[in-house]
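I opened a new page for charged side chains. My plan is to look up which of them pair, and where they sit.

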Amino acid sequence: MTGHPEDALKSYASRPHLSRGRRFSEPDPSERTDFQRDRDRIVHSNAFRRLMYKTQVFVNHEGDHYRTRLTHSLEVAQIGRTVALALGLNETLTEAICLAHDLGHTPFGHAGQDALNACMQAHGGFEHNLQSLRIVDELEEKYAQFDGLNLTFETREGILKHCSKRNARLLGALGQRFLDRTRPGPEAQLADLVDAIAYNHHDVDDGLRAGLLDIDALRTQPLFDVPYREVTARYPGLSRRRLTYEVKRRMINHIVGDLIDESRRRVAALEPRHADDIRAHEVRVIAFSAATEEAHLALKRFLMEHLYRHPDVVVMQQQAAEVVDTLFHYFASDILRVPQAFRERRGVDAETQEYEQMRLVADYLSGMTDRFAMSRFEQIQP
Ligand code: MG
């Protein structure tokens with residue numbers, strides 16, 4: 001069979017017919033691979049559509065040009081597919097993982113997640129990454145025969161980027177690698193890194209657009225400064241808008257190129273014959289070079305200090321935390337305030353154990369979009 005996308009796959013790429021399978025067995029899809037089916041299920045999910053109205057860094061209503069969780073996820077998927085193709089990995093599996101990786105985010109980004117986690121401390125906590133898995137495994141209601149989307153092991157493995165040992169023990173085969181300290185498959189390793197590539201670069205862009213970052217400060221970062229000098233030398237007098245895009249594009253090209261080159265080097269040294277050889281290897285095979293990794297982490301720290309902890313962002317985060325905290329206690333103090341349909345499908349009422357009641361509140365609240373959370377918050381104000 002010539003021209004089939006799988007012809008270009010390397011021996012160590014994940015292959016749908018070698019998948020460890022789904023939790024509930026289903027007939028093979030007729031015109032798609034199992035990973036295409038996973039990707040399509042993710043795109044059709046309710047949780048995916050809600051990403052449109054969820055904060056990445058800037059609250060959804062602050063401006064129409066800022067990234068939302070949805071556009072972030074699309075950028076992650078786009079970069080992921082490019083790298084997957086270059087490395088001969090499974091492009092569709094990479095895309096599926098990238099599109100699903102943030103499904104479990106609360107409204108208002110990390111501020112929302114931290115507030116909800118604080119509210120849930122006595123009830124098992126809340127972690128957005130674990131929640132992404134919970135959405136695809138349990139919370140989506142699409143099928144007559146099972147809860148969730150019944151995705152393949154490989155997609156679920158990629159979604160679960162990190163996990164405590166306590167939670168890993170509850171997750172069976174999927175949690176095993178956190179107990180064995182082995183690694184996930186190559187597409188999962190890739191999706192994890194391209195997430196960071198996407199947010200580092202679009203947050204530079206959004207931060208400049210918002211006027212919270214300034215170019216002189218950014219020039220302390222080698223990843224920014226090198227292309228900045230290139231662009232200003234070649235195009236003197238360029239408008240700030242075009243300058244920003246020219247620099248950002250070169251930044252992404254540079255780091256993506258580094259990721260591809262370094263991963264190829266590591267593959268050549270290891271000679272993996274199967275995706276499991278990559279899982280079993282003690283260090284990651286899909287990786288940045290040491291120098292780029294260091295510069296990448298420095299940019300991440302820079303953004304933490306100058307953008308995510310910027311006083312204007314902190315004010316927004318404090319307001320978001322107050323909204324989440326208020327809503328949590330509103331629903332937790334009387335479970336019957338959670339919409340009936342949401343409670344009934346889980347069989348939760350006022351007599352149910354507190355632990356299950358609180359998990360229901362966390363599921364309900366974390367599924368809210370920013371604007372729905374805001375409007376519920378305003379409704380319940382005395
Ligand atoms: Mg992300």
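**Salt bridge notes**

I began with lysine 248, which counts as buried at 14% relative accessibility (buried is under 20% relative accessible area, exposed over 50%, partly exposed in between, with a 1.4 Å probe and protein chains only). Its partner is aspartate 205, and their side chains meet in a salt bridge at 3.9 Å, N to O. I used this cut-off: a side-chain nitrogen of Lys or Arg within 4 Å of a carboxyl oxygen of Asp or Glu. Aspartate 205 is also buried, at 5% relative accessibility.

I noted the basis. This is a predicted model, where local features need pLDDT of at least 70 and side-chain atom pairs count only at pLDDT 80 or more, while totals for chains, interfaces and linings use all residues. Residues are numbered from 1 along each chain as its sequence is written, and side-chain values use heavy atoms, with hydrogens and water left out.

How many salt bridges does the structure hold? I found 32.

Next I looked up glutamate 141 and arginine 345, whose side chains form a salt bridge at 3.1 Å, N to O. This pair links distant parts of the chain, 204 residues apart. Glutamate 141 is exposed, at 54% relative accessibility. Arginine 345 is partly exposed, at 29%.

Then I turned to aspartate 40. Its salt bridge is with arginine 32, and the closest N and O atoms are 3.0 Å apart. Arginine 32 is partly exposed, at 36% relative accessibility. I also traced a network: salt bridges with shared partners join Arg32, Arg39, Asp40, Arg81, Glu91 and Glu95.

Definitions and conventions. Helices (H or I, at least four residues) and strands (E, at least two) are DSSP runs, numbered from the N terminus.
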